[in-house]
Amino acid sequence: MLGILSERADVWGEIRLIASPRSAGRKLTVRGEQVEVVALGEDAFNGIDVAMFDVPDEVAAQWVPVAVSKGAVVVDNSGAFRMDPDVPLVVPEVNAHTARVRPRGIIANPNCTTLSMIVALGALHAEYGLSELIVSSYQAVSGVGKAGVDTLRAQLSAVCGTELGAKPGDVRRAVGDTLGPFPAPIALNVVPWAGTLQEDGWSSEELKVRNETRKILGMPELPVTATCVRVPVLTTHSLAVHARFENEVTVAGAHEILAAAPGVVLCDDPAEEEYPTPSDVVGTDPTWVGRVRRSLDDPRALELFVCGDNLRKGAALNAAQIGELLAGELRR
Ligand code: 2RA
């Protein structure tokens, strides 16, 4: 977040850094300047116009209303308010207009998995009219935070550190009980699980993709099925998308829409081995789209592969873009 605020147009006056008392007094760099962190408390929000929260759900639930009571509009990156009907869930390229109506003084930032595909999907929906969505995610370990990254690195050392490396059946033995935040080894493996167990075997992550996509597109009845999978990638989520539309589609038409869509890069030339991969996409801002195909059995459906940096557009960048919308309002 600090990096993104430092790179983008400087629309801000004071940037105040607020964290738990444990971090108070630390100095962090933003806009090239050292700024001292102040401790979270009611007075910390005095005089703040826009407060961007990036804290666990329970901390957001407690402190977001405090910031609002002090006069701030809050951009919240947690899941605490996303499905509240009085809180808009905003992706500026897709539904910026919804940010203007915020009865609770809160705007929610979507989950990184939804954000990694929704800009491309929103552009196709605007032209063709989405009628059904089936997605499978390939999620990076940084989606779980530092523990996810540390665990993948440690497990990779354990399985690849020997001269010959682990053989396929050795992975669980090599990793031992150092599973970290994952239910199974993540090095040299794929784990069909992200989030917490919900009713009927769905994961919380799968329900977030469904519910948030519906809310962002303003389609509460849209059929959405997600299968969320964790893969041994550090950063950048990928999704294989099957999208069915009201109207017939063509690959050329989809290419034209995606190539013109703000926030999307079309990278689709399999003959030249050009398709997005997390290694190439990480560190960039747009949603990258490739492998665009018309379904063989359905002229109204497209298959695509999308990649988005889960820490940039998937989190901090989208929050900063919402903050910029608010800063624009305040200047008027
Ligand atoms: C994940 N989407 O990747 C979550 C993080 N918000 O685990």
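## Working through the helices and sheets

Helices here are DSSP runs of H or I with at least four residues, strands are runs of E with at least two, and both are numbered from the N terminus. Heads up: the model is predicted, with local features needing pLDDT of at least 70 and side-chain atom pairs counting only at pLDDT 80 or more, while totals for chains, interfaces and linings use all residues. Residue numbers start from 1 along each chain as its sequence is written.

**Exercise 1. Work out how α4 and α8 pack, and which residues make the contact.**

Step 1: Find the helices. α4 covers residues 112-128 and α8 covers residues 251-260.

Step 2: Get the geometry. The axes are 9 Å apart and the angle is about 125°. (Axes are lines fitted to C-alpha atoms, for helices over the stretch in contact, and angles run from 0 to 180 degrees between N-to-C directions.)

Step 3: Name the arrangement. The two helices are therefore oblique to each other; the cut-offs are under 35 degrees for roughly parallel, over 145 for roughly antiparallel, 65 to 115 for roughly perpendicular, and oblique for the rest.

Step 4: List the contact. α4 brings A120, A123, L124 and E127, and α8 brings A254, I257 and L258; contact means C-beta atoms, placed from the backbone, within 7 Å.

Step 5: Sort by class. You get six nonpolar, no polar and one charged. (Nonpolar is Ala, Val, Leu, Ile, Met, Phe, Trp, Tyr, Cys and Pro; charged is Asp, Glu, Lys and Arg; the others, Gly among them, are polar.)

**Exercise 2. Trace the sheet of six strands, then find the partners of V241.**

Step 1: The open sheet reads β9-β8-β10-β13-β12-β11, with mixed pairing; strands pair if DSSP finds at least two bridges between them.

Step 2: β9 (224-230) and β11 (264-266) each pair on one side only. From one strand to the next, the twist averages 25°.

Step 3: Follow β10 (residues 237-245). Eight bridges tie this strand to β8 (residues 130-139), running antiparallel. β10 also pairs with β13 (residues 301-308) in the antiparallel sense, over eight bridges.

Step 4: Zoom in on V241. In β10, V241 stands opposite V135, and the bridge partner of V241 in β13 is L304.

Step 5: α8 from Exercise 1 lies across β11, β12 and β13, at about 170° to β12. Helix α7 (residues 204-217) lies across β8 and β9, at about 135° to β9.

**Exercise 3. Which helices lie across the sheet of β5, β6 and β7?**

Step 1: Set up the sheet. Three strands form an open sheet in the order β5-β6-β7, with parallel pairing. The edge strands are β5 (50-53) and β7 (106-108).

Step 2: Check a pair. β6 (residues 73-76) joins β7 through three bridges, and D76 has A108 as its bridge partner.

Step 3: Place the helices. α2 (residues 57-69) runs at about 155° to β6, and α10 (residues 312-331) runs at about 170° to β5.

**Exercise 4. Which residues are around the ligand?**

Step 1: List the residues. They are N111, C112, T113, Q139, G143, V144, A194 and E205, where near means a C-beta atom, placed from the backbone, within 6 Å.

Step 2: Sort them. The shell has three nonpolar, four polar and one charged residues.

Note on methods:
Two residues are in contact if their C-beta atoms, placed from the backbone, lie within 7 Å.
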